[in-house]
Amino acid sequence: MTNSNLKINAGRPALIRSRIIFVFLLCCWLLALNVSRVEADIVWLDELDLSLTTQSWAEPHKNQSVDGHGLSIGGQTFKRGFGTHCDSVLYVNVNSNARSFSASVGVDGEVNSPRASVEFFVRGDGKELWRSGVMRAGEPAKPVTLELTGVKTLILEANAASGGIGADHADWADARFDVVDGARIATMAVPVEPAVILTPAASPKPRINGAKVFGVRPSSPFLYTIAATGDRPMTFGASDLPAGLQLDPQTGRITGSISRAGEYSVTLHAKNALGSAKSKFKIVVGDKIALTPPMGWNSWNCFASAVSEEKVKAAAEAMVRSGLINHGWTYVNVDDYWQNHRDSTDATLRGPIRDPRGNILPNARFPDMKGMIDYIHSLGLKAGLYSSPGPWTCGGCAGSWQHEAQDAAQYAAWGVDYLKYDWCSYKDIANGKNPDARDIPTWAESKGTNDQAVAAYPFLVMGKHLRQQNRDIVFNLCQYGMKDVWEWGASVNGNSWRTTSDIYESWISLYRIGFDQDKAAPFAGPGHWNDPDMLIVGKIGWGNLHPTHLTPNEQYTHISLWCLLSAPLLIGCDMTQLDAFTLNLLENDEVLAVDQDPLGQQAKTISATQSTCILAKDLADGSKAVGLFNLGEETQVQVKWADLGLKGKLHVRDLWRQKDFGRFKDSFSATVPRHGVMLMRVW
Ligand code: GAL
């Protein structure tokens with residue numbers, strides 16, 4: 001028994017041992033199974049097709065920064081991830097297959113510029129799920145982990161947080177998805193929107209468009225082309241024109257000069273085989289010009305440093321040929337690079353800066369400035385030039401420093417109607433770095449007590465010289481909104497002033513600039529306008545022409561917003577390549593009338609949520625222009641009459657479609673597409 005007991009006792013530990021081994025092996029197997037399951041359930045962002053990213057500069061990189069270095073943020077290195085450049089958007093079709101997303105984000109260590117400022121966003125099905133806050137070079141990575149259950153489309157955005165996109169190298173390090181049971185997810189192209197044309201074709205019968213009020217100084221040369229749509233041939237008339245003016249009945253051009261100050265009520269007429277039209281037009285002879293925001297074209301956003309006389313003349317011809325002149329478009333403005341350059345190797349930019357008497361000399365691409373401007377005038381249009389109060393423009397061409405009076409006189413002699421005057425190298429003077437700038441106020445002297453006077457000084461000088469000329473020259477201050485220029489721009493004879501740094505072609509840039517103008521709104525009015533920069537529709541590209549990266553709805557938002565803001569409208573695209581969609585944006589007279597409204601009020605935000613914004617302004621006829629903007633994915637936007645200070649049953653008209661919606665009690669709501677707008681008139 002003992003033996004058998006012994007046997008039994010001897011057999012039990014063996015059994016236990018084998019059971020333990022069995023359980024151990026089972027655990028190992030289960031663990032192995034689990035580990036492989038976990039591995040299979042992770043999808044790294046860098047495994048997906050990153051080439052579907054849209055970004056404003058360079059190419060997206062897998063496991064590397066945008067410049068092709070190993071990923072590093074704030075001194076920490078990462079093996080995996082996605083290196084991109086602001087503004088960057090990547091769509092991921094997760095299709096409810098992901099449990100979570102995680103990453104560590106930040107500015108890549110290859111950048112150590114104080115200019116770098118990036119904000120990372122994660123959006124799920126149109127809603128903002130997370131934002132990083134502004135991140136700068138050298139800061140440690142910020143971790144993010146998000147629940148994604150039920151999310152179909154995830155958007156990863158890295159946006160320039162302030163100023164431009166310069167130095168904004170953005171990393172999504174260790175970016176990964178935890179997916180459901182080995183499901184697959186994939187990146188996708190940004191959804192393409194159809195470019196739907198909303199503006200109805202102009203009637204073949206005559207219709208007079210354009211501003212209803214026009215300012216001119218006593219005895220200044222007068223040029224106004226009656227803007228009228230309708231079949232040609234068309235003849236024009238004007239009753240009660242003040243003494244000194246003549247109308248050419250074939251071209252509709254009114255020229256001459258009026259010596260007596262005062263207000264003159266004129267009636268304009270246009271007639272063709274199908275009918276006739278008339279319209280009231282007020283000429284105000286006095287101190288103020290630019291009574292409505294200037295409308296025209298500028299060479300910068302399309303040609304940048306590659307501008308030439310042929311391109312400018314072609315733009316002017318296209319303004320006429322395309323019919324835009326019949327909607328009030330007037331100015332043809334040359335930006336930087338009509339002067340000779342400081343040190344360019346381009347032979348067309350080399351040559352003496354000034355003649356022996358100090359007169360500014362155009363470069364070889366503009367062999368006959370006076371001839372070119374006369375030609376622009378002969379088409380019924382006006383001409384503009386660009387300079388800087390510093391010795392050099394932003395592009396390094398000759399500026400007006402110490403030649404302000406001479407330059408103003410030269411512009412007038414050439415027949416210039418508009419001057420954009422850009423701070424650029426004047427910064428060295430304001431910084432006290434120029435030994436010739438003895439009596440000029442500097443930041444150092446001001447010690448923060450009178451900075452506006454320092455900022456205003458160079459514009460005061462040029463503004464005074466422009467006023468001494470015998471022609472009206474619209475004066476645009478370009479200094480990117482420094483020292484709240486809107487508060488003092490009018491006091492230095494400015495007719496408009498840039499309120500922001502340069503616009504670039506991305507939704508973020510448009511959104512950041514366009515919806516941040518309330519601060520300056522009280523300072524806009526007839527003769528003095530806030531300028532949120534030039535238009536980025538059509539073929540643009542700063543010397544590298546391509547269709548704008550804005551979606552069709554973003555372009556409707558752009559034009560609607562600029563019109564609500566009473567902003568100067570300066571087309572930035574190649575005028576010889578206007579397509580039907582771009583023309584539809586630029587020739588809707590009911591939309592343009594919001595910009596050109598004689599009251600000159602700038603719209604203000606009347607209500608906003610994280611993804612919608614409503615702007616409204618009063619119009620001269622007592623109605624209101626209202627924009628319902630959608631900053632996210634398609635949604636309903638509602639405006640309450642009470643928020644507009646109105647009540648009862650009101651008429652609503654869709655301005656893009658030029659159609660009445662009917663009358664609505666208390667409120668109106670519309671379905672507004674992604675980044676789109678419903679622009680309407682309410683009365
Ligand atoms: C920038 C200005 C641009 C363009 C450019 C020319 O300062 O903001 O609009 O004029 O200079 O170099």
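1. Asp174 is placed in strand S13 (residues 169–179); strands (E, at least two residues) and helices (H or I, at least four) are DSSP runs numbered from the N terminus. The phi of Asp174 is near 50°, a positive value in a residue other than glycine. Most residues other than glycine have a negative phi, and most peptide bonds are trans.

2. On the basis of the note: this is a predicted model, in which local features need pLDDT of at least 70, side-chain atom pairs count only at pLDDT 80 or more, and totals for chains, interfaces and linings use all residues. Residues are numbered from 1 along each chain as its sequence is written, and side-chain values use heavy atoms, with hydrogens and water left out.

3. The chain averages a pLDDT of 94, and 94% of the residues score at least 70; pLDDT is the predictor's confidence in each residue, from 0 to 100. Over residues 1–10 the pLDDT is below 50, and this stretch has one contact in the model beyond near neighbours in sequence (contact means heavy atoms within 4.5 Å).

4. Two cis peptide bonds deserve mention. One joins Cys86 and Asp87, with omega about -15°; Asp87 is in the loop between strand S6 (81–85) and strand S7 (88–93). Another joins Arg232 and Pro233, with omega about 0°, and Pro233 is found in the loop between strand S18 (228–229) and strand S19 (235–239).

5. The whole structure holds one disulfide, defined as a pair of cysteine sulfur atoms within 2.5 Å. Cys394 is joined to Cys424, with an S to S distance of 2.0 Å, and the link is left-handed, with -95° about the S-S bond. Cys394 lies in the loop between strand S26 (382–387) and helix H5 (404–414), and Cys424 in the loop between strand S27 (418–422) and helix H6 (426–430), so the pair ties together parts that are 30 residues apart in sequence.

6. The ligand is surrounded by 13 residues, of which the closest are Asp335, Asp336, Lys420, Asp422 and Asp502; a residue counts as near if one of its heavy atoms lies within 4 Å. By class, this shell has six nonpolar, one polar and six charged residues. Here Ala, Val, Leu, Ile, Met, Phe, Trp, Tyr, Cys and Pro count as nonpolar, Asp, Glu, Lys and Arg as charged, and the others, Gly among them, as polar.

7. An oxygen atom of the ligand is 2.5 Å from a side-chain N or O atom of Asp502. For Asp335 the corresponding distance is 2.6 Å, and for a polar side-chain atom of Lys420 it is 2.8 Å. Taken alone, the ligand exposes 310 Å², and the protein buries 94% of that (Shrake-Rupley method, 1.4 Å probe).

Key:
Polar contact = N/O pair within 3.5 Å; in protein donor to acceptor, adjacent residues only side chain to side chain.
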